[in-house]
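This report describes one protein chain for a reader who has not seen it before. Overall figures come ahead of the details.

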Amino acid sequence: MRPLWFLAILLALSQALPFEQKGFWDFALDDGLMMNDEEASGADTTSGVPDLDSVTPTFSAMCPFGCHCHLRVVQCSDLGLKTVPKEVSPDTTLLDLQNNDIAELRKDDFKGLQHLYALVLVNNKISKIHEKAFSPLRNLQRLYISKNHLVEIPPNLPSSLVELRIHDNRIRKVPKGVFSGLRNMNCIEMGGNPLENSGFEPGAFDGLKLNYLRVSEAKLTGVPKDLPETLNELHLDHNKIQAIELEDLLRYSKLYRLGLGHNQIRMIENGSLSFLPTLRELHLDNNKLSRVPAGLPDLKLLQVVYLHSNNITKVGVNDFCPMGFGVKRAYYNGISLFNNPVPYWEVQPATFRCVTDRLAIQFGNYKK
């Protein structure tokens, strides 16, 4: 049954999107999905992509003691390992070492693994990484090293890297040049680190063409400066941001999803949202807003707005929809306003004239 289990895992790798963060099995090994990822990042679509042999059984006799090896997947999780195991087959494409007691990555730990595509090191005790530990991994695209004891971003990351998950560590600083040469990178998840705004050095993200960045559950008091202009998704939820000022969103005109929930936002300066013409989802739930942010009717592609659990006391007839009827190209399919002190019986029906369905509006359930 185990070979069938691994096959099922491989076929389901792409089911969870980064935004959902449902687990680490959210990358794909099939050619088509990987090409989509890399095209989005500007990477060469043939670089690092396994050939057809990578999804056919391998009969290598090499398999570390206690691990399970099949279909070029080496699964060594939950074994209490203190070090990276030896005798990993050189044709391995996915190495799973999560939930062990590995404290250090040494120079030759991954020697000979030039075909490795994904490396999972989640939930270990890693605090030290040799500067050449990742040097052999010339085709590595997914590095999951979350829930460890790292105090800095690993040096000399493989230039082939597309996705880095390094959340829930002890990182306080993102220095300039740490991502130098990573022209293929399109996704970084670094939430759950004690990062403050001062921890981002000017130019820290220079050269990156990220699509997705998440810095949630940190210590940010404002939107970080100089993030990549290429971002489609920016998630800064569960921080201490108090206001969105006019220049905060100036450079992020390509955003289609902005997550600012669970902060302390009291004010969004008028005109701030006008810099986001392609925005589709805006998450502002669990803040301290006293009014609906200005400028929503001008966002022609906006479809979802989360405003629940704020201090909003009034909803105006033109807060969501532009003047007149049928002038919004894309219609809302979700507006949440529940758990606000709004006298809902005073809200005029025309307020939601550009909403596709009554069920898309969530009201009520306010408790003092």
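Of the 368 residues in the chain, 51% are buried, where buried means under 20% relative accessible area, exposed over 50%, and partly exposed in between (1.4 Å probe, protein chains only). The model is a predicted one, in which local features need pLDDT of at least 70 and side-chain atom pairs count only at pLDDT 80 or more, while totals for chains, interfaces and linings use all residues. Residues are numbered from 1 along each chain as its sequence is written, and side-chain values use heavy atoms, with hydrogens and water left out.

**The chain as a whole**

Two helices and 18 strands are found in the chain; helices (H or I, at least four residues) and strands (E, at least two) are DSSP runs, numbered from the N terminus. The accessible surface of the chain is about 17300 Å², and carbon and sulfur atoms account for 51% of that surface. Such areas come from the Shrake-Rupley method with a 1.4 Å probe, and for residues only the protein chains shown count as cover. A contact means heavy atoms within 4.5 Å. Among contacts in the chain between residues at least 6 apart in sequence, 48% join residues at least 24 apart.

**An annotated span**

**Disulfides**

How many disulfides does a search of the whole structure find? The search finds three, a disulfide being a pair of cysteine sulfur atoms within 2.5 Å. With bonded cysteines counted along the chain, the pattern of the disulfides is 1-3, 2-4, 5-6.

| Disulfide | S to S distance |
|---|---|
| Cys63 to Cys69 | 2.0 Å |
| Cys67 to Cys76 | 2.1 Å |
| Cys321 to Cys354 | 2.0 Å |

The S-S bond of Cys63 and Cys69 has a torsion of about 85 degrees, so this disulfide is right-handed. Cys63 counts as partly exposed because its relative accessibility is 25%, and Cys69 is partly exposed at 32%.

For Cys67 and Cys76 the torsion about the S-S bond is about 120 degrees, so this disulfide is right-handed. Cys67 counts as buried at 11% relative accessibility, and Cys76 counts as buried at 0%.

The torsion about the S-S bond of Cys321 and Cys354 is about -90 degrees, so that disulfide is left-handed. Cys321 lies in the loop between β16 (304-306) and β17 (334-336), and Cys354 lies in the loop between β17 and β18 (361-362), so the pair ties together parts that are 33 residues apart in sequence. Both Cys321 and Cys354 are buried.

Another cysteine, Cys187, has a relative accessibility of 5% and therefore counts as buried.

Which strand holds Gly259? Gly259 lies in strand β13, which covers residues 257-259. Gly259 counts as buried because its relative accessibility is 4%. Leaving aside residues up to four places away in sequence, Gly259 touches Leu234, His235, Leu236, Asp237 and His283. From C-alpha to C-alpha, Gly259 and Leu236 are 5.7 Å apart in space, and they are 23 residues apart in sequence.
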